[in-house]
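I opened my notebook to jot down what I looked up in this one. Here are the entries, in the order I made them.

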Amino acid sequence: MNSLETILRQLRRAAARARAASYAVHGLVAAGAWIAAVLVIARLVPFERRAEVAAIGVPVAAALVVLAWSLRRPSAPLLMALADIRLGLKERLSTAWERRAEAGPMDGALRQDALRHAAGASLVRAFPVRVNRGEASLVAVLTIFALGLALLPNPMDRVLAQRQADRASQARAAKVVTDAQKKVAASDKPNPQVEKILQDTQAKIREAASPRKALESITPAEQQLQRLTDPGTPALNSSAQNLANALSGTAAGRGAAQAISSSPAKGAQAVRDLASQLQTLSPKDREELAKALAKASQQAQNAPMRDSLSKAASSLQSGDTSAAAQSLNDVASQLDSLQAQQNTDQAVASAINGLEAARQELAAQADRDAKGQAANGTAGASASASASASASGNGNGNGTGNGTGNGTGNGNGNGNGNGNGNGTGTGNGSTGGTGGTGSQGSGTGSGSGASSTERVYVPGQPVPGQSENDPTPLGPGQDVPLSPFSQVIQAYQQAALDATDQSLIPGSERDLVRQYFSQLGEQTQGAR
């Protein structure tokens, strides 16, 4: 060796290799433990992107290993001392290193002796690359454990799949509502209130925790939309149509009749034009127009329009064209109001159609979720009823004459007895239900009822669409054949939903039926 610095560099390289192997095993243990922990938690708590979370542990562990390896490098005196111990150099290297800057009589000889012995030894052997067997075994165990967790079916996968399906369903429902909002906004007369209700509803649908929760926001939205409509619109629309029919038979009002039939807005403008032409009409046309207006007034179902038409007719009959024109202008204003109401009704109808389409999408997904929850339940509830009752009766007597004795008891149990004899006698019946007595003769009675632990058949309501079979007669003490609750609830649910679809039941009421069966499914799952 040329110098102690050369020996130090070799020792440092050997020590670095040895520490790198050791820290690499530490890093593998940390990464394996992280991955195994993530996979275990993923089987207890459903969370997405678990593969990404597990993979994050590998670069993090590698970074920590590199950091620890670079920071915990041994010092030069420690390297020399370890080399002396492990190579049997008897402190030559550590002594020569401590006195490397000294120039005493013996220092040069010490350095030469250390260099000579170091040249004959393999410095790499001072820091061999070794792997701790315990850590290597732990790495193998963690690897096998993590692979097993990754390959075996995870019960949380179904929960995650359901969540993804729920989000997709809610996204589709929200898009349907958004499309309805855009349709309202693109109309000739957009309604800001309807747009605001739809915008708020689609936001609630997207943010809801589940499709069933999202369904809860649709019925209030429909109620808000219905409050925007005017209940007097049908009466006003009928009055306008009657006015058009009445004016169609006059020469002066035929054009206005056609305009009213086309649209209330066009009809309003035509009525205003007719009002401005009253002074130029002939007496015959005025009289004809007055009769038509009077007829329309009688047929009008809207009070303001009826009053305006009546005033216009009476004013024309009296020759007051200015008052008649003013009344016809009032009729035109009411037609404008009708047009606005029709625009609102159309916007509301379009919005409700969109909400109903969203309701069907969410309801279908909620039904699928409920069926999935019922399928996951491992404990089935048995549709059974038990009754605790017993009845027995006995009687005895002797004498002359005839007599009968009987005893009856309630609680799904009956007892009866009879007897014949001569003379007079008494009979008693001990009861387990309500009791029975026998008198005027001798008689014996016996009966049996359901015990406290015996199952009694209680017939349920037949499911629509299914054949109804009478239960098989059972003898005393025989168990009634039962069906698990989880096997029959789906049939009942489907029958109820089919019945609601075939009848005129509002969507909100159908939601109550659907929610009822969904809660039954949750209770079945919770009974495990």
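**Before starting.** I am working with a predicted model.

**Entry 1, the largest nonpolar core.** Which residues touch the most other members here? I found Leu247 and Leu293, in a core of 34 residues. Then I checked which elements give two or more residues to this core, and got α11 (233–247), α12 (254–262), α13 (264–276), α14 (283–299), α15 (303–318) and α16 (321–376). Of these, α16 gives the most, with seven residues.

I followed up on leucine 293. Leaving aside neighbours within four places in sequence, I listed its contacts as Leu243, Leu247, Leu309, Ala312, Ala313, Leu316 and Leu328. Apart from this core I noted another one, of 24 residues, with Ala173, Val194, Leu198 and Ala347 among them.

I placed serine 308 in helix α15. Is it buried or exposed? I put it down as buried, because its relative accessibility is 7% and the cut-off for buried is under 20%. Beyond four places in sequence, I saw serine 308 in contact with Ser327, Asp330, Val331 and Gln334.

I found leucine 149 in helix α6, residues 133–151. Leucine 149 has 14% relative accessibility, so I counted it as buried too. What does leucine 149 contact once its neighbours within four places in sequence are left aside? I wrote down Ala36, Leu39, Val40 and Arg43. I also looked up the spacing to valine 40: the two C-alpha atoms are separated by 7.3 Å, although the residues are 109 apart along the chain.

I noted 14 lining residues, with Ala15, Ala18, Arg19, Arg86 and Phe127 the closest to the centre. Then I asked where the lining comes from, and saw that α1 (4–44) and α3 (76–87) each supply at least two residues. The most comes from α1, with five residues.

I searched the whole structure for aromatic pairs and came back with zero. I did find a charge over a ring, though: the charged end of arginine 100 sits over the ring of tryptophan 97, 3.9 Å from the ring's centre.

Methods: Residues numbered from 1 in each chain as written. Predicted model: local features only at pLDDT ≥ 70, side-chain atom pairs only at ≥ 80, totals over all residues. Heavy atoms only, no water. Phe/Tyr/Trp six-rings, centres within 6.5 Å; stacked < 30°, edge-to-face > 60°. Lys NZ or Arg CZ within 6 Å of the ring centre and 35° of its normal. Core = buried A, V, L, I, M, F, W, Y, C linked by side-chain atoms within 4.5 Å. Buried < 20%, exposed > 50% of the residue type's maximum accessible area, 1.4 Å probe, protein only. Helix = DSSP H or I, 4+ residues; strand = E, 2+ residues; numbered from the N terminus. Contact = heavy atoms within 4.5 Å. 1 Å grid on protein atoms, 1.4 Å probe; cavity = no way out; pocket = protein on both sides within 12 Å on 5 of 7 lines; lining within 4 Å.
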